[in-house]
Amino acid sequence: DKPISFGVDLYASEHNRSGSTGYAYDEKRQGGAIRFGKELNETLRGDLTYKIENVDISDLDSNVSQTLKDEEGENTISSVITQLTKDTTDNKFNPTKGSVLVGSIEVAGGPFGGDKDFAKFFNSMSRYYTIGHCLLELKLRDGIVTTYGGNNGTVPVYERFFAGGTYTIRGYKERDVSPKDQSGDPIGGGTLAVANAELTVPII
């Protein structure tokens, strides 16, 4: 009966190189996380997560850029993520009014160990309006990722921002909205800004 939470995650994921997925390489991730959360009041929640994972990059084309070639092989990412969420919606699963504000900071490497040092800042805002029988959602997402320490100013490609596809910009292939190398493969960006407006019309 206290507004706190604790969780443990174990996961393994794999993306294969193909034109439909937007990946220029095979990527395997295996890792785990420990999560702590606390509801600070009725609308504000804070979360703290420690995550460690192994990232394996392989099967690159011979004509890809040096940026992608540098990522080939295995690396360990060790990071801590802090997040604040303010939710004023009337229903967490099917909102019809209100807003959700999320801000997070992830710091990898440095005092947490691992092979890569970077910091990632991400924010999102969703606002819901009921218009007759329809629902209007306005959503804005933005982020910045940068290196620190002795990482030579290079953020790992698999930690950069990509857009395109169902959940960001429809009408584009997954990860297709991104800087690309000379082979035409997306290599991700250091910043992200995506704005969406979606009108949901009930059919049944």
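**Labels and cut-offs**

Modeller: A search of the whole structure finds two aromatic pairs. This is a predicted model, in which local features need pLDDT of at least 70 and side-chain atom pairs count only at pLDDT 80 or more, while totals for chains, interfaces and linings use all residues. Residues are numbered from 1 along each chain as its sequence is written, and side-chain values use heavy atoms, with hydrogens and water left out.

Biologist: Why is the pair of Phe 6 and Phe 36 called tilted?

Modeller: Rings of Phe, Tyr and Trp (its six-membered ring) pair if their centres lie within 6.5 Å; planes under 30 degrees apart count as stacked, over 60 as edge-to-face and the rest as tilted. Phe 6 and Phe 36 are 5.2 Å apart, centre to centre, with 50° between the planes, and the pair is tilted. Phe 6 lies in strand β1 and Phe 36 in strand β2, so the pair ties together parts that are 30 residues apart in sequence. Strands (E, at least two residues) are DSSP runs, numbered from the N terminus.

Biologist: Is Phe 6 buried or exposed?

Modeller: Buried means under 20% relative accessible area, exposed over 50%, partly exposed in between (1.4 Å probe, protein chains only). Phe 6 has 55% relative accessibility and therefore counts as exposed. Phe 36, with 45%, is partly exposed. Both Tyr 23 and Tyr 25 are buried.

Biologist: What makes the charged end of Arg 175 sit over the ring of Tyr 23?

Modeller: A charge sits over a ring if NZ of Lys or CZ of Arg is within 6 Å of the ring centre and within 35 degrees of the ring normal. The charged end of Arg 175 is 3.7 Å from the centre of the Tyr 23 ring. Lys 120 lies over the face of Phe 161, at 5.7 Å from the ring centre.

Biologist: How do you know that Lys 51 and Glu 106 form a salt bridge?

Modeller: A salt bridge is a side-chain nitrogen of Lys or Arg within 4 Å of a carboxyl oxygen of Asp or Glu. The closest N and O atoms of Lys 51 and Glu 106 are 3.7 Å apart, so the pair qualifies. Lys 51 lies in strand β3 and Glu 106 in strand β5 (residues 98-108), so the pair ties together parts that are 55 residues apart in sequence. Lys 51, at 18%, is buried, and Glu 106, at 8%, is buried too.

Biologist: How many salt bridges does a search of the whole structure find?

Modeller: Eleven salt bridges are found. One of them joins Glu 27 to Arg 29, with the closest N and O atoms 3.0 Å apart. Both Glu 27 and Arg 29 are buried. Glu 27, Arg 29, Glu 53, Lys 120 and Glu 159 are linked in a network of salt bridges.

Biologist: Why is Thr 49 called buried?

Modeller: Thr 49 has 15% relative accessibility, so by the limit for buried it qualifies. The place of Thr 49 is in strand β3. Ile 52 lies in strand β3 as well, but its relative accessible area is 38%, and Ile 52 is therefore partly exposed.

Note on methods: Helices (H or I, at least four residues) and strands (E, at least two) are DSSP runs, numbered from the N terminus.
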